Amino acid sequence: MQTVEAHGAILPVIGLGTWKLSGETASMAVASALEAGYRHIDTAIGYGNEAEVGEGLRRSGVARDEVFITSKIPPEQLGADDMMRAAEASLRRLRIDQLDLVLIHWPSRALSAAETIRSLNRVKQRGLARHIGVSNYTIRLLDEAWAATEEPIVVNQCEHHPYLDQSKLRAATRAHGTAFVAYCPLGQADALDEPVIKDIAGRFGRTPAQIVLRWQIQKGCVAIPKSAHPARIKQNLDIEGFELPEADMAAIDALATEDSRICNSAFSPDWD
């Protein structure tokens, strides 16, 4: 599988997102994904499914060291001691010894980017995670975090889909050598009904989801689509062997507006 390298972290370009997956559904989705060839699984404390994600990993039979596992710490647990306890609890729920990547899930309104990134550094330095990163960080916050960090920030995970123009944020993220991970990469499936995407899919003999994910990868993103259906999980991984020409990339780009967020309600423009 194609990968992206960022400051020593090697991320498979397609991972399984698990937001809103719970219980047996979450375990089955993770196991199905790993059996289909996924090697990148994304979860978070706020999703309430870390235990089920860990169960899916064990159920799959895939060796732990073959899978890149990301989890995230919520804004209310970003104080230095709270963050350490949160990371330790994530490991217990997942039943693993170390995360591959731990992210600050959302910026804190009570603590500065510099304070929280320094605390996150200590999580890595304690050996609880191999790599650290952030999520939902604006250009300003990412710059502040980089100015304060001792450890590389390998990921900025943000909403990204054909309706949302994140070109400036992607460019700023890449300027730091940080990987841009796209959550909600299919726009909660809304983009799959777009006539332009369906037309491209028909010409390539691919599903609309495969077209959008190919667009994501050609943008330089890592994408973490969510699905609970084994057939779709497998299809979403099958994006090799074709490339979208510039005209098709531009046609998908044209669907975007500057701020058309459909996957989160917590983002606030005052973070800019």
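1. Starting with the cysteines: Cys221 is buried, at 1% relative accessibility. This is a predicted model, by the way, so keep that in mind as you read on.

2. Where is the closest cysteine sulfur to that of Cys221? It sits in Cys158, 9.8 Å away, which is too far for a bond. A disulfide would need the two sulfur atoms within 2.5 Å. The total for the structure is 0 disulfides, and Cys158 is accordingly in none. Cys158 is buried too, with a relative accessible area of 3%.

3. On to helix H8, residues 208-218, which is mostly covered: 9 of its 11 residues are buried.

4. Helix H4 (residues 113-125) passes a simple length check: 13 residues at 1.5 Å a residue should span 18 Å, and the end C-alpha atoms are 18 Å apart, so the two agree.

5. Which residues of H4 are buried? They are Ala113, Thr116, Ile117, Ser119, Leu120, Asn121 and Val123. As a reminder, an α-helix has 3.6 residues a turn, so residues three or four places apart point the same way. The buried residues of H4 pack against helices H3 (80-94) and H5 (139-148), and against strands E6 (99-104), E7 (129-135) and E8 (153-159).

Note on methods
Residues are numbered from 1 along each chain as its sequence is written. This is a predicted model: local features need pLDDT of at least 70, side-chain atom pairs count only at pLDDT 80 or more; totals for chains, interfaces and linings use all residues. Side-chain values use heavy atoms; hydrogens and water are left out. Buried means under 20% relative accessible area, exposed over 50%, partly exposed in between (1.4 Å probe, protein chains only). Helices (H or I, at least four residues) and strands (E, at least two) are DSSP runs, numbered from the N terminus. The expected span of a helix is 1.5 Å times one less than its number of residues. Contact means heavy atoms within 4.5 Å.
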